[in-house]
Amino acid sequence: MKRVPQIGWLADGRRLHLQDGPIDLIVEVHGSETNRRAAYDAAARRFTGLLDELCDELPLLRRAADPARCELQGAVARRMDAAVAPFALDHFITPMAAVAGAVAEEILGAMLDAARLERSYVNNGGDIALHLGHGEHFTVGLMDRPDRPGLMRTIIVDADDPTRGVATSGRHGRSFSFGIADAVTVLARTASQADAAATIIANAVDLPGHPAIVRCPAHDLQPDSDLGARLVTRDVGELTGHEIEDALESGAACARNLLTAGLIDGAVLRLQGETVLVSARAIDALRSGTPVYRAAMESAMHV
Amino acid sequence: MPTDATAAVDDKIRCDACPVMCYIKPGAAGACDRYANHNGELVRVDPHIVLERTVSHGGRLVPFQAGGDWDGKIVHEPGMFVTAIGAGTTYPDYKPAPFIVSSEIDGVDMVTVVTEGIFSYCGVKVKIDTDRYLGPETATVRAQGEAIGHVTTGEYGSQMLSLGGVHHLTGGSKKEGRVTCDALMDLSNCKPVELTIDGGATVVVQAGYPPIVNGVAEERMRVGCGSATIGMFAKQWHGKVDEVVVVDDHITGVLSEHQAGKLLDIPDTGIKMKGRRSTPGRYFQVAEPGTGWGGTMISDPLSVLGPFDPKTARPGMTMLMVSTTGEHAAYYELDAALKPIEKPMPVDLKLSVERIQENCEPALCTVLFMGGAGGSLRAGVTDNPVRLTRSVKDALTRVTSGGAPVYVWPGGGITFMVDVTRLPAGAFGYVPTPALVAPIEFTLKLSDYAALGGHIDYVRPLSSLKDNTEIRQMPQSPSGQLT
């Protein structure tokens with residue numbers, strides 16, 4: 001029996017859930033009944049076989065990106081490469097750093113090719129591709145440290161903003177990080193760019209040589225990790241206020257450079273309860289977002 | 001179907017569930033967090049695992065083919081039920097699939113997060129085998145200074161703690177919730193946790209190990225208090241020895257004065273006890289509490305005795321002194337001056353001491369995880385959730401937690417308790433709420449499943465997976481076995 005992706009509605013009957021291997025997407029579109037149907041149909045079609053395409057080129061996708069050329073063939077693979085290429089000169093980065101965002105973007109693109117849609121999104125485990133029609137906006141919730149309860153920050157992404165991609169990276173996720181950030185959320189033009197930039201910024205939130213930080217070679221944890229023997233963060237002990245500040249500042253400096261270079265629209269960096277925002281114009285949107293406090297979140301989660 | 005894994009070097013296995021073909025180390029999961037290497041076997045770790053708020057993902061069970069004109073061929077729902085029903089698998093180092101991502105929160109369209117989790121109401125009940133005073137009933141129990149539960153009504157030979165629950169997890173401060181969650185998870189994963197009780201003791205609790213009370217490890221549960229020990233063993237001592245003193249920091253018993261001795265017509269011996277007499281043959285406070293004989297501080301048992309009364313006592317009288325656990329014992333004969341002189345213990349008295357020891361069980365801490373399977377979890381299994389509850393009550397559906405048997409509390413809902421030492425190592429995880437993630441499986445016959453309104457359309461693949469390695473029973477370790 002051929003492996004097939006799992007495609008089904010979430011309980012609300014509105015949002016589509018697509019899962020295949022490590023890919024896990026939540027999709028929601030707005031538009032006329034016909035357009036919604038056409039969009040979901042397109043998403044399901046495009047999703048089927050997408051993982052196989054990626055895996056065909058997996059060895060190359062796991063190699064450090066070459067800033068000068070791209071030998072990859074697949075559309076998603078090439079998008080991954082394009083997203084990480086701007087960082088490849090100064091950093092070790094593989095196209096895999098942008099896989100989640102690139103897939104989200106691909107599915108959103110397939111839907112937009114097939115249907116006229118109002119506000120729509122593809123959320124790939126927190127890495128999100130957005131579509132906004134004129135005058136529309138999305139409210140994106142940011143988890144504080146995912147292993148602790150707490151304040152949720154929200155970001156409003158407006159149709160007038162250039163942002164169409166949101167991604168979060170950090171040491172708690174499925175992917176490994178060289179840094180110690182609990183979470184770095186990045187707004188960028190595309191989901192794949194946001195994904196790659198979040199990885200780079202999260203890596204930069206670091207205190208090299210700090211004794212409270214436990215690191216180990218990535219391949220000790222995942223034998224076929226694209227990060228090989230490079231040390232990834234396993235645990236971070238209690239840090240002092242100054243240390244947290246230093247680590248966040250090191251990440252914020254990186255984020256400011258990317259902002260200046262036009263690679264991101266904004267970033268929110270979080271470490272042990274402290275948050276730093278790096279943003280030019282998006283900062284207004286960040287501030288206008290109503291914080292959702294824990295109590296509200298709990299009740300929403302427990303219904 | 002993704003059913004097999006290729007053995008590779010270093011106990012790594014290669015998963016062929018999807019084309020990523022991850023190499024997975026023992027105890028780790030693949031890139032998807034859905035398949036994992038459990039002792040060299042590829043196991044599926046996802047959906048049947050979740051307590052309470054399983055599933056906004058209940059929707060997985062709703063067919064995508066919503067209308068008649070849909071092209072059903074491109075959509076598939078393979079085997080979501082295969083693991084949800086009867087897989088009995090469990091997972092190492094469980095990391096839940098994206099639940100928060102699919103959770104809906106008022107005023108927020110979507111959530112971005114690094115990792116994902118599940119939310120639950122739960123707690124642990126801790127039984128600590130000790131007669132030592134841990135603290136008054138209802139006293140607050142703390143970990144790292146935070147309130148995480150309370151002392152509840154004591155049981156035989158044991159002090160009981162009730163820890164966790166939704167109020168400590170989410171009703172208090174952030175730190176309280178986090179510390180409670182950490183303590184619950186560590187206790188559930190059989191790790192030691194230091195607890196302090198307001199107005200009482202500090203105790204280190206670890207499931208399956210003796211409690212450490214104020215720095216002292218408890219070894220055995222005493223067979224009973226000194227007085228009870230006299231009651232239990234009076235007949236065995238009768239005729240073999242003139243006097244027996246059972247030394248206990250709570251109630252020290254004296255055979256000749258005790259009701260049990262009187263009933264056997266054991267004559268007075270002229271013994272004089274220190275301490276405060278409660279009723280005949282029962283003495284409080286013969287010595288300060290400690291780690292010596294019978295939970296007292298004494299190392300020389302004679303120090304609890306005054307001089308024998310010369311009017312009653314006579315030279316050559318024999319006396320056994322023993323602690324309530326039988327760990328300490330000595331045999332004496334009165335000399336001409338009526339002073340007890342230690343002598344080698346006669347064999348039949350030695351046997352009685354061994355009998356006391358034999359009747360003292362090892363003092364252990366035991367931890368029962370308690371949680372409730374709520375509406376959403378049940379809805380993930382059947383169209384008509386209450387029927388699942390009923391089928392559990394009617395014993396048609398077997399509930400297990402990580403393959404371990406559970407006790408399902410009567411009454412509404414599916415509230416169960418499980419001995420955490422019977423689950424595989426590291427079976428419990430936690431999520432940011434904070435809350436615990438615990439495994440739970442429902443196992444039932446297909447015919448019963450159909451009868452209770454199960455999503456029978458999705459059951460068909462089950463029969464075709466009979467020989468599938470995904471369906472396996474977790475080996476059950478004997479109770480109390482530790483890894």
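Leaving aside neighbours within four places in sequence, P362(B) is in contact with P210(B) and R220(B); two residues are in contact if their C-beta atoms, placed from the backbone, lie within 7 Å. The C-alpha atoms of P362(B) and P210(B) are separated by 7.5 Å, although the two residues are 152 residues apart along the chain. P362(B) belongs to the loop between α6 (347-358) and β22 (365-373) of chain B. Why does P362(B) count as exposed? P362(B) is exposed because 12 other C-beta atoms lie within 10 Å. The cut-offs are these: a residue is buried if 20 or more other C-beta atoms lie within 10 Å of its own, exposed if 12 or fewer, and partly exposed in between, with C-beta atoms placed from the backbone.

Before going on, a word about the model. This is a predicted model, in which local features need pLDDT of at least 70 and side-chain atom pairs count only at pLDDT 80 or more, while totals for chains, interfaces and linings use all residues. Residues are numbered from 1 along each chain as its sequence is written, and chains are lettered from A and ligands numbered from 1 in the order in which they are written.

## Chain A and its sheet

Let us turn to chain A. Chain A has 10 helices and 13 strands; helices (H or I, at least four residues) and strands (E, at least two) are DSSP runs, numbered from the N terminus. Of its 303 residues, 55% count as buried. Among the contacts in chain A with a separation of 6 or more, 59% come from residues 24 or more positions apart.

Two strands pair if DSSP finds at least two bridges between them.

| Strands | Bridges | Example of facing residues |
|---|---|---|
| β1(A) and β2(A) | 4 bridges | I7(A) and L18(A) |
| β2(A) and β3(A) | 5 bridges | H17(A) and I26(A) |
| β3(A) and β4(A) | 4 bridges | V27(A) and V122(A) |
| β4(A) and β5(A) | 5 bridges | S120(A) and H131(A) |

Two hairpins are part of this picture. In the hairpin of β2(A) and β3(A), 2 residues lie between the strands, and G21(A) takes a positive phi near 55°. The hairpin of β4(A) and β5(A) has 2 residues between its strands, and G125(A) in the turn has a positive phi of about 60°.

## Helices and cores

Axes are lines fitted to C-alpha atoms, for helices over the stretch in contact, and angles run from 0 to 180 degrees between N-to-C directions. Helix α5 (residues 99-114) of chain A also packs with helix α6 (residues 191-204) of chain A at an angle of about 170°, their axes 7 Å apart. That makes α5(A) roughly antiparallel to α6(A), a term used for angles over 145 degrees. A100(A), G101(A), A102(A), A104(A) and E105(A) in α5(A) meet A191(A), S192(A), A194(A) and D195(A) in α6(A).

The largest nonpolar core has 101 residues, of which A43(A), I107(A), V186(A), A197(A), I201(A), V205(A) and L269(A) touch the most other members. A nonpolar core is a set of buried Ala, Val, Leu, Ile, Met, Phe, Trp, Tyr and Cys residues joined through C-beta atoms within 7 Å. Leaving aside neighbours within four places in sequence, I201(A) is in contact with residues including V184(A), V186(A) and L269(A). Another core, of 46 residues, lies apart from it, with A143(B), L195(B), V213(B) and L368(B) among its members.

## Back to chain B

In chain B, an open sheet of 7 strands has the order β17-β18-β16-β15-β19-β20-β21, with mixed pairing. Its edge strands are β17 (276-277) and β21 (340-343) of chain B, each pairing on one side only. Strands β19 (residues 318-323) and β20 (residues 329-334) of chain B pair in the antiparallel sense over 5 bridges, and V322(B) has A329(B) as its bridge partner in β20(B). Helix α4 (residues 226-237) of chain B lies across β15 (243-247), β16 (251-254), β18 (282-284) and β19 of chain B, and runs at about 25° to β16(B).

Methods. Angles under 35 degrees count as roughly parallel, over 145 as roughly antiparallel, 65 to 115 as roughly perpendicular and the rest as oblique.
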